[in-house]
Amino acid sequence: MRVLYLTGMYPTPAYPQKGIFCHEQVKALQKAGVDVTVVVPIVFYDREVKVKEWEYEGVKIRYIKFFKLPGTRDFHKMGNSLFRRLDKKLDLKSFDVYHADSPLPTGTAVMKASKKYGVPFVVHGHGLDVFFDESYAGEKNCDKIAQTCQLVYENADAVIGVSQKVLDMIQKRVDVSTKGYVAYNGVDTDKFCPIEREKKDVFTISSVGNLIPLKGHKYLLQALQIAIEKGYHNLKCVIAGRGYLEEELKELAADLGLQDYVEFLGYVPYSEIVTLMQNSDAFILPSYYEAIGCVYLEAMACGVPAVGCRKNGIDEIIVEGENGYLVDNHNVEQIVDCIISLQDEEKRVEMGKTARKTIVDTYQWIHSARAVKNTYENVCKRK
């Protein structure tokens, strides 16, 4: 089976961590016997990518530049330009399946290619903003963007969500009940694994995510302050990530008197995230708009109990009190309760073992690849 994997979320020589989840899935697809051609669209004025091809960890990546006006006014039309470029550079009729990483612009491009060459196409939803209403809420063409997304989902031969939550969001406007598939993201469990740690008096909480509002870092900081006020002075929280809220969060930490308890690490290379998690007692990211969150799975694979939010993709994986904890969105007191509960070492260790088993049994990258491959096979049979 020959698949065109078209994605704007993929590693580049300058940023090998970019879209690492797509790259891990491609590697697993190759192991599952799928012949994957990875193509990454790049707007013509982009200066990040200076090569046309790059081989990374056994995957050959092709970067194809296409025309797009600066800004967002023509975002809903970008797929047209991308299709023309792909049609010129690739033998599109030679593929068995087209795989687009989102409805725009890659989804529009493969929809047009599918119409011309009769090749089935799959759209993969990685986020909860499936119609881009949130991302482009302030734009004059927001309605057109959403309408174009809807058109792509309607015409797709299959729609993949990284969680059932993603498919549920699409289902609100487009009936994908007969063509929707869940393929959870996965973890490299050989890389993300538990280690033997020396016993220390410090209880270390890790949190990994962009420093933006929806990740909920401010609620974690507020919870830390309350826990400390209740007498839990053994806490240390390390926050990895960067974003426009960085200075605001640092000021909040100072205002809450957390200078000695919280460390902002900024950007941490993917290769070092595993060490960060392995040396944690708990992973807490109270993100309230999350399709799945690979970081939760990675922490769990390291034998670390994870705390996420209900009504998000991670609540399909975390079983309350067994392999982690779930809290309501924006609920500081519930985060405090989790911090206090996880102080019980015996409970924490057992929960960590269960978390590890959950990932090993069901959420490795090969499990994700098999689900995606199954989708490919189904659309090929129907076509």
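Visitor: Why does Phe67 count as partly exposed?

Guide: Its relative accessibility is 47%. Buried means under 20% relative accessible area, exposed over 50%, and partly exposed lies in between, with a 1.4 Å probe and protein chains only. So Phe67 counts as partly exposed. This is a predicted model, where local features need pLDDT of at least 70, side-chain atom pairs count only at pLDDT 80 or more, and totals for chains, interfaces and linings use all residues. Residues are numbered from 1 along each chain as its sequence is written, and side-chain values use heavy atoms, leaving out hydrogens and water.

Visitor: Where is Phe67 placed?

Guide: Phe67 is in the loop between strand E4 (59-66) and helix H2 (78-89). Helices (H or I, at least four residues) and strands (E, at least two) are DSSP runs, numbered from the N terminus.

Visitor: What makes strand E11 (262-266) and strand E14 (324-327) edge strands?

Guide: Look at the sheet order: E11-E10-E9-E12-E13-E14, open, with parallel pairing. E11 and E14 each pair on one side only. Two strands pair if DSSP finds at least two bridges between them.

Visitor: How do you know that strand E9 (residues 203-208) pairs with strand E12 (residues 282-284)?

Guide: Two bridges join E9 to E12, and at least two are needed. In E12, Ala282 is the bridge partner of Ile205.

Visitor: Which strands does helix H8 (residues 270-278) touch?

Guide: H8 packs on the sheet and touches E9, E10, E11 and E12. Contact means heavy atoms within 4.5 Å.

Note on methods. Axes fitted to C-alpha atoms, helices over the stretch in contact; angles between N-to-C directions.
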